[in-house]
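New notebook page for a structure I had not opened before.

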Amino acid sequence: MDNNNITLSVVMPAYNEEQHIKDNLLETSRILSRFLHRYEIIAVNDGSKDSTGKLIAEAAEMDSHIVDTGYDVNQGKGHAITTGIAKASGKYIAFLDSDLELSPSLLKPFMKQMRDTGSDIVIGSKLHPESKLDYPPIRKVMSYSYYIMLKMLFHLGIHDTQTGIKLFKAEVIKPIAENLSISGYAFDIEILVAAHRQGYSISEAPIVLNYSRDDAADGRRIKIKDIWKVFTDTIEIKKKYH
């Protein structure tokens, strides 16, 4: 589609998501079309080992709003999102997890909140009092524990940095993305710390989260090495922005 005057670019990273990536991309486009005319969905294949790349290409053939991009070797979620940001042409740029546990429909109130509050960034928050969560207790504990750690390290004044839906003004996120050093799960922290240090305003929005995954069945159970990696990356961010 014509990239001139795109209102919203939605970046959706995908790694080994063959079971649902095609349907989820098409569903995202259907939902966005209910409240936007000019949008694009940038689907980034993060070096998947399955047929994710092929299915993204098929979705892009079926819907001109879907942009097919990616690379052959897995680089991590942060790298996938910065790849999508570089290709984005919208006035606003959003990140959205491709599993659609968070509905693309949330971006409509996110955009309204950005306009109403004058915020430069709106992020989804599991800890927002109006959020509705169907979420394992252990993950709730982990989210709150990480919030305490981040509050002590960075004094950001926000409660949840890791929820997989965020909305940015393009002029805010593009220069920040060009200078990120973290490519793993803690990339969200670096983005928000950099934005905070540059004086941009960040507001939190409620979400509806339907946690439908079977972590053990699909291999996504959180491992100690993953938690340690997030911890060490967070310390590196602290050092960089100290």
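Here are my entries, from the whole protein to single contacts.

**Ground rules.** I am looking at a predicted model, where local features need pLDDT of at least 70 and side-chain atom pairs count only at pLDDT 80 or more, while totals for chains, interfaces and linings use all residues. Residues are numbered from 1 along each chain as its sequence is written, and side-chain values use heavy atoms, with hydrogens and water left out.

**Overall.** I looked up the secondary structure and got nine helices and nine strands; these are DSSP runs numbered from the N terminus, helices being H or I with at least four residues and strands E with at least two. The radius of gyration is 17 Å, close to the 18 Å that the globule rule gives for 242 residues, so the protein is as compact as a globular protein of that length. (That radius is taken over C-alpha atoms, and the rule is 2.2 Å times the number of residues to the power 0.38.) Along its principal axes, the C-alpha trace spans about 45 × 40 × 35 Å.

**The sheet.** Next I traced an open sheet of seven strands, in the order S3-S2-S1-S4-S7-S5-S8, with mixed pairing. Two strands pair if DSSP finds at least two bridges between them. Strands S3 (66–71) and S8 (202–206) are the edges, each pairing on one side only. I then checked S1 (residues 8–14) against S2 (residues 39–46): they pair in the parallel sense over seven bridges. In that pair, Val11 stands opposite Ile42 of S2.

**H1 and H2.** Which helices did I find with axes within 8 Å? H1 and H2 (residues 52–62) do this, crossing at roughly 30 degrees. (Axes are lines fitted to C-alpha atoms, for helices over the stretch in contact, and angles run from 0 to 180 degrees between N-to-C directions.) That makes H1 roughly parallel to H2, since angles under 35 degrees count as roughly parallel, over 145 as roughly antiparallel, 65 to 115 as roughly perpendicular and the rest as oblique. I noted the residues in contact (heavy atoms within 4.5 Å): Ile21, Lys22, Leu25 and Leu26 of H1 meet Thr52, Leu55, Ile56, Glu58, Ala59 and Met62 of H2.

**H3 and H6.** The axes of H3 (residues 77–87) and H6 (residues 170–177) come within 10 Å and cross at roughly 125 degrees. H3 and H6 are therefore oblique to each other. I listed Thr82, Ile85 and Ala86 on the H3 side, with Ile173, Lys174 and Ala177 on the H6 side.
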